[in-house]
Amino acid sequence: MVATSVFGAVTAHADEGPSVPPGTEPSAAAPVKVDANDPDLKIPEGATLATPKVLDIKQVVEDQSGDERREDTNADVKFALQAEVLFGKDSAKLSAQSKARISAIAEEIKAQNATKIRVFGFTDNLGSSAHGDVLSRQRADAVQNVLDQELTDANVTYEVRGYGEQYPIADNSTESGRKKNRRVEVSFPRSAP
């Protein structure tokens, strides 16, 4: 899929291959208890330890209302904006205030010199799954369109997905949980220090 801006020759490419939202990949099981005095834990003579590495540290900051969350890791930055902040109920039309918030995210993308941006939409589990899939994609497309207007770098590519009710981040049995699940996430790689 190729989209061209009306105001210039900027082209955005959307990847249509399968993908999952960042942070939802399977992770290792809980660590096994280790007996520090076990003789089998000694390094055989002549062997060496693996090169040490810094583990990925995640910092999560959520505003008091829960309307916006920012996650920073060593590799990525992710913004999660609640649907109620961006759109009316059951709508994919952005408000003027939400466009200003998305523009601020675009400034962060520019500061990180990111060129691969993921825009993923999510809904709660109310209504049909098919409707949620369509609405979440329409909302992701709306956010991507604003980002595309703000980011004029021809090298910027987008991965845009609508996941509907898949990948909830809160309990769908309460309204506060459903509110957190109705969101659009914008993520991109952090620039090297």
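Start at Asp 90. At 47% relative accessibility, Asp 90 counts as partly exposed. Asp 90 is found in the loop that joins helix H1 (83–86) to helix H2 (96–111). Check the backbone here: phi is positive, about 55°, although Asp 90 is not a glycine. Keep in mind that this is a predicted model.

Now go to the other end of H2 and select Asn 113. Asn 113 sits in the loop between H2 and strand E6 (116–122). Asn 113 also has a positive phi of about 55° without being a glycine. Is Asn 113 buried or exposed? Asn 113 is exposed, with a relative accessible area of 63%.

**The sheet**

Colour the strands next. An open sheet is built from 6 strands, in the order E3-E4-E5-E8-E6-E7. The pairing is mixed. Which strands stand at the edges? They are E3 (59–62) and E7 (157–162). Each has a single partner strand, so one side of each is left without a neighbour in the sheet. Turn the view to follow the twist, which averages 15° from one strand to the next.

Zoom in on E5 (residues 76–82) and E8 (residues 183–189). These two strands pair in the antiparallel sense over 7 bridges. Select Ala 80 in this pair: the bridge partner of Ala 80 in E8 is Glu 185.

Bring H2 back into view. H2 packs on the sheet and touches strand E4 (68–72), E5, E6 and E8. The direction of H2 makes about 180° with that of E5.

**Charges on E5 and E8**

Show the charged side chains. The whole structure holds 20 salt bridges. Begin with Lys 78 and Glu 185, which form a salt bridge with their closest N and O atoms 3.8 Å apart. This pair links distant parts of the chain: Lys 78 is in strand E5 and Glu 185 in strand E8, 107 residues apart. How accessible is Lys 78? At 11% relative accessibility, Lys 78 counts as buried, the cut-off being under 20%. Glu 185 is buried too, with a relative accessible area of 3%.

Arg 183 forms a salt bridge with Glu 185, and here the closest N and O atoms are 2.8 Å apart. Arg 183 and Glu 185 are both buried.

**Helix H3**

Move to H3 (residues 129–150). This helix has 22 residues and reaches 32 Å from its first C-alpha to its last. That is close to the 32 Å expected at 1.5 Å a residue. H3 lies across E6, E7 and E8, running at about 155° to E7.

Select the buried residues of H3. Among them are Gly 132, Leu 135, Arg 139, Ala 142, Val 143, Val 146 and Leu 147.

Pick out Ser 136, also in H3. How accessible is Ser 136? At 0% relative accessibility, Ser 136 counts as buried. Beyond four places in sequence, Ser 136 touches Gly 121, Phe 122, Thr 123, Arg 161, Gly 162, Tyr 163 and Gly 164.

Arg 137 forms a salt bridge with Asp 141, the closest N and O atoms being 3.0 Å apart. What separates the two along the helix? Being 4 residues apart in H3, Arg 137 and Asp 141 are separated by about one helical turn. In an α-helix, residues three or four places apart point the same way, because there are 3.6 residues a turn. Arg 137 is partly exposed, with a relative accessible area of 22%. Asp 141, at 26% relative accessibility, counts as partly exposed as well.

**Confidence**

Finish by colouring by pLDDT. The protein chain has a mean pLDDT of 83, and 83% of its residues reach 70 or more. Over residues 1–9 pLDDT stays under 50, and the model has 14 contacts for them beyond four places in sequence. Where pLDDT is low, the predicted coordinates should not be read in detail.

Note on methods. Residues are numbered from 1 along each chain as its sequence is written. This is a predicted model: local features need pLDDT of at least 70, side-chain atom pairs count only at pLDDT 80 or more; totals for chains, interfaces and linings use all residues. Side-chain values use heavy atoms; hydrogens and water are left out. Buried means under 20% relative accessible area, exposed over 50%, partly exposed in between (1.4 Å probe, protein chains only). The expected span of a helix is 1.5 Å times one less than its number of residues. Two strands pair if DSSP finds at least two bridges between them. Axes are lines fitted to C-alpha atoms, for helices over the stretch in contact, and angles run from 0 to 180 degrees between N-to-C directions. Contact means heavy atoms within 4.5 Å. A salt bridge is a side-chain nitrogen of Lys or Arg within 4 Å of a carboxyl oxygen of Asp or Glu. pLDDT is the predictor's confidence in each residue, from 0 to 100.
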